[in-house]
Amino acid sequence: MTRVAILISGGGSNMVSLLDGMADGLGEPCLVLANIPSAGGLAKADARGVPTACVDHKQFDGREAFEDALHEQLLKSGAQVVCLAGFMRILTASFIAKWQGRMLNIHPSLLPKYKGLSTHQRALDAGDIEAGCSVHMVTPELDDGPILGQASVPIKAGDTAQTLAQRVLVQEHLLYPRVLGEFLSTQA
Ligand code: GRF
C-alpha cells in the first residue's frame with residue numbers, strides 16, 4: 001500500500017473525501033498535517049484514527065525553516081505521496097523538488113484558467129458559462145503542473161462566488177479520490 005500524507009489549512013472536506021476513497025483502495029493515509037493549529041480538518045482526521053500533526057508556519061522565521069519542518073514530518077510519517085487539499089501556503093521550488101512527481105493538488109478552477117485565488121469570482125466576472133476543479137501534479141510554477149483530471153459545473157444565473165464554490169466542491173469530493181486512485185495504481 002502506498003503511504004499518503006495529506007496537507008490541509010482548513011476544514012479538510014477534500015481530505016475527508018480522500019480518506020474515504022482510500023478505505024478500500026491502494027493508498028494508506030499515514031498523516032494529515034495542517035499549517036494552522038485551529039484547522040478543523042485535524043479533528044476530522046483524529047476521529048478517523050489517522051495520525052495528525054501541525055507545523056504552524058507562524059512559528060518559523062522564513063519559508064525555508066517552515067518547509068524543513070514540514071519535510072521532516074513527512075519523512076517521519078513514511079509518506080510516499082503527498083496530497084495538498086485546501087493547503088493555502090505557497091511552496092518553494094526547493095521543497096517541491098523533493099516531492100515532484102509524487103505531490104498532487106486540487107485547485108478550484110478549470111486550469112489553466114484562473115490560477116491563484118478568487119477563482120469563482122473571476123469566472124463570474126468573466127461571464128463564463130462553466131466553472132470547475134482540477135487535480136494536477138505540483139510543480140514549482142503555481143497551479144501549473146500536468147493536469148490529471150478535471151470536473152466542470154454549469155454557472156447559473158444569479159450565482160455568487162459562494163453558490164458556485166459549493167457546486168464545485170461537490171465535484172472536488174468526487175474528482176480527487178478518483179484521480180488519486182488512478183495515480184496510485186500507476187505507483188503500485
Ligand atoms: C476547496 O475549494 C479547495 O479546492 C481549495 O480549498 C477549498 C476548501 O477545501 N483548495 P477543504 O474543504 O479544506 O478541503
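Q: Helices (H or I, at least four residues) and strands (E, at least two) are DSSP runs, numbered from the N terminus; which of them supply at least two residues of the lining of the largest pocket?
A: Helix H1, strand E5 (103-107), helix H5 (119-125) and helix H6 each do. This is a predicted model, where local features need pLDDT of at least 70 and side-chain atom pairs pLDDT 80 or more, while totals for chains, interfaces and linings use all residues. Numbering runs from 1 along each chain as its sequence is written, and side-chain values use heavy atoms, without hydrogens or water.

Q: Which lining residues are closest to its centre?
A: Gly 86, Phe 87, Met 88, Ile 106 and Pro 108, out of 34 in the lining. By class, the lining has 15 nonpolar, 15 polar (Gly counts here) and four charged residues.

Q: OK, the ligand. Which residues are around it?
A: With a heavy atom within 4 Å, there are Gly 11, Gly 12, Ser 13, Asn 14, Gly 86, Ile 106, Pro 108, Leu 169 and Glu 172. Three are nonpolar, five polar and one charged.

Q: Which elements give two or more residues to the shell?
A: Helix H1 (13-22) and helix H6 (161-187).

Q: And the backbone, how far is Gly 12 from the ligand?
A: A backbone N or O atom of Gly 12 lies 3.0 Å from an oxygen atom of the ligand. For Asn 14, a polar backbone atom is 2.7 Å from a ligand oxygen.

Q: Changing topic: which peptide bond is cis?
A: The one joining Leu 111 and Pro 112, with omega about 10°. Pro 112 is in the loop between E5 and H5.

Q: What is the phi of Tyr 114?
A: Positive, about 60°, although Tyr 114 is not a glycine. Tyr 114 also lies in the loop between E5 and H5. Most residues other than glycine have a negative phi, and most peptide bonds are trans.

Technical notes
Polar contact = N/O pair within 3.5 Å; in protein donor to acceptor, adjacent residues only side chain to side chain. 1 Å grid on protein atoms, 1.4 Å probe; cavity = no way out; pocket = protein on both sides within 12 Å on 5 of 7 lines; lining within 4 Å.
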